[in-house]
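Subject: The two-chain model

Hi,

Here is the structure I promised to pass on to you. Have a look at it first, and then read my notes below.

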Amino acid sequence: MQPSSQPAPALTLDAAAAQALAERPTAGRAWRGTLRRLLRHGGARFGLVVVALVVVMALGADFLSPYDPIAQNSAVGLSPPSLAHPMGTDEFGRDIFSRVIHGARLSLLVAIGAVAISATLGTLLGLLAGYLQGASDMLIMRPMDVLLAFPGLLLALALSAILGTGLTSVILAVGIAGIPNFARIVRGAVMNVRENEYVLAARTVGAPGGRIVGRHLLPNVAAPIIVMTTLYVAFAVLTASSLSFLGVGVQPPTPEWGAMTNAGRHILRLAWWVSTFPGLMIMLLVLAVNLIGDGLRDALDPNLRV
Amino acid sequence: MLYYVLKRLLGAVLVLFGVTVLAFAMLHLMPGDPVRVLMSSMEAANSQTEIEQVRERFGLNDPLPVQYVNFVRRAATGDLGRSVLKGRPVATMIAEVYPYTLQLAFAALVIAMLAGISLGVLAALRHNTWADSASILVSLFAVSMPDFWLAILAILVFSIYLGWLPAAGTQGWQYLILPASILGVRAAGSIARLTRSSMLEVLGRQYVTTARAKGLRERVVVLRHALKNALIPVVTLIGLDLGRFLAGSVIVETIFARQGVGKLLIDSILDKDFPVLQGTVLVIAATYVLVNLVVDVSYAWLDPRIRYA
């Protein structure tokens, strides 16, 4: 995205503002540098690999899993990890490895769905509140403050009590719970950036409000949004699996990692593997996302902070 | 200072009102007739007269604003309704289990602070050595682990395999160790991270260099001058963490079979006992708001620069 390439109207644009406009790094160059820095970060590389694996699992679940995830086989109920069943079987004889692979699909769906809701709605509200300020700001942010008065899991729990059980409810509950977080961060970033010279320059030249928001503000608040997104993906995966663990999220027999961890809770003494492996997958995914987030933060830091 | 406190107090009161609106609105946001929601756990037959009776009993025939005012008025006097499942007053049910959750939360906070601060200070002092990287890694793991999984692992190792600690129950301090540690782990991780970066920043400041130049022993420099100032931002985390403990108690209390507000909340959702759900949500959120208010004020007291910002 290039800054508006109008010949500088020498009479209306003051020298400093014009220079600021010209000196702002073109967004395209900025992103490539960020990507390079991200890939150099060791932890982020590991994180990317893990996430890629999970995506492969999710997409290829039907091909990769050796058994049908809901097929019961009481003959091999509760057998420990072995060659035939690398992660053992649960009390119904279902192969845990296959269920874990299918669970990847659910976890990714929830993560993507919830974050999509939070990020788009939250960013929109934050942009409006930060740019318009005044009454609109208060009108938007007061309800956000109220929502933020509920600790994360609690809000998701309350929402899922309203929305019911099941995958869609979980996505909605976790998605809505995240809106105030995004709104607050974006609003702060917008208020920061708003007073910068290139915005003033654009207003001086008479750019309409929409264009200012879209072309000048948005690319520069992108950094906090991206960071917040990775943080929220981690939170979404954790919260969604917690909801399913508690019994108010995805219901059995659907193989969701949180629900699977719960299923093994009462037979720990007999079969430690039923709870351990699904929980391990959750941790790996969240760890990977956090590592990517850390890498992104380091990569974005020196560069897009205008 | 007073002005700051009053401003914060006003903000908290406003948010509290918003919280009551949300708690009240929950009933009406549920899909279907509020009467059905309230009755869903009652075995009474759904005859027309009984539905009308329930409607009257819960004041559902009044216009919404009136219902809301009554709700707030009653809540302010400590009446949060009655459980539809057990018939007991909700406020009593909450008051009975609240102390257990508080106990758990404080124990978790103590553990988190001890572990987190020591880890953070250690990492800062041993900056750029393996100890530093190790503690960063540990805090990263702490923050990424699902608490319910960590709890299960802890039970597996400490309870079943080693037999050191009990896994379920509320009586006695031994029963508190595992749940409080699990609850505190994630907080310890974030406290460690913040302490480390804050400490690193403070150690680079001029007054620290001056103290060293004065010839003070390193230990005095670190403990007396650097640590106090480094801990200021950590105070804000404590408020957040206490709130998270309230929420996290849902999972920990369920797994370790402890009574508490969290367990009350999840049970009320699963049993569809709506008044209990409403009351618990209100109490937990109100507690969180108050705790954050106290933390905000104490932060201003500790760091005078904030008051005049």
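One term before anything else: I call two residues in contact, or say that they touch, if their C-beta atoms, placed from the backbone, lie within 7 Å. Please also keep in mind that this is a predicted model.

Leaving out residues up to four places away in sequence, Ala149(A) touches Val15(B), Gly18(B), Val19(B), Ala285(B), Tyr288(B) and Val289(B). Ala149(A) is also one of the residues with the most contacts inside the largest nonpolar core, which has 169 residues. Others on that list are Leu157(A), Val174(A), Ala236(A) and Val237(A), along with Ala108(B) and Ile191(B) from chain B.

Now the interface as a whole. On the chain A side 34 residues take part, and they meet 37 residues of chain B. Which helices of chain A supply at least two residues each to this side? They are α6 (134-148), α7 (152-163), α10 (209-246) and α12 (273-304). By type, the chain A side comprises 22 nonpolar, eight polar and four charged residues.

Next, the chains one by one. Chain A is built from twelve helices, with zero strands. It has 306 residues, of which 48% count as buried. Taking its contacts with a separation of 6 or more, 72% are between residues 24 or more positions apart.

Chain B has 14 helices and, again, zero strands. Of its 309 residues, 39% count as buried. For contacts in chain B between residues at least 6 apart in sequence, the share joining residues at least 24 apart is 73%. Along the principal axes, the C-alpha atoms of chain B fill a box of roughly 85 × 55 × 30 Å.

Is Leu237(B) buried or exposed? Leu237(B) is buried, because 20 other C-beta atoms lie within 10 Å, and 20 or more is the cut-off for that label. Apart from neighbours within four places in sequence, Leu237(B) is in contact with Ser190(B), Ile191(B) and Leu194(B). Of these, Ile191(B) has already come up as one of the residues with the most contacts inside the largest nonpolar core. Leu237(B) and Asn292(B) are 55 residues apart in sequence, while their C-alpha atoms are 9.8 Å apart in space.

How values were computed. Residues are numbered from 1 along each chain as its sequence is written. Chains are lettered from A and ligands numbered from 1 in the order in which they are written. This is a predicted model: local features need pLDDT of at least 70, side-chain atom pairs count only at pLDDT 80 or more; totals for chains, interfaces and linings use all residues. Helices (H or I, at least four residues) and strands (E, at least two) are DSSP runs, numbered from the N terminus. A residue is buried if 20 or more other C-beta atoms lie within 10 Å of its own, exposed if 12 or fewer, and partly exposed in between; C-beta atoms are placed from the backbone. A nonpolar core is a set of buried Ala, Val, Leu, Ile, Met, Phe, Trp, Tyr and Cys residues joined through C-beta atoms within 7 Å. Ala, Val, Leu, Ile, Met, Phe, Trp, Tyr, Cys and Pro count as nonpolar, Asp, Glu, Lys and Arg as charged, and the others, Gly among them, as polar.
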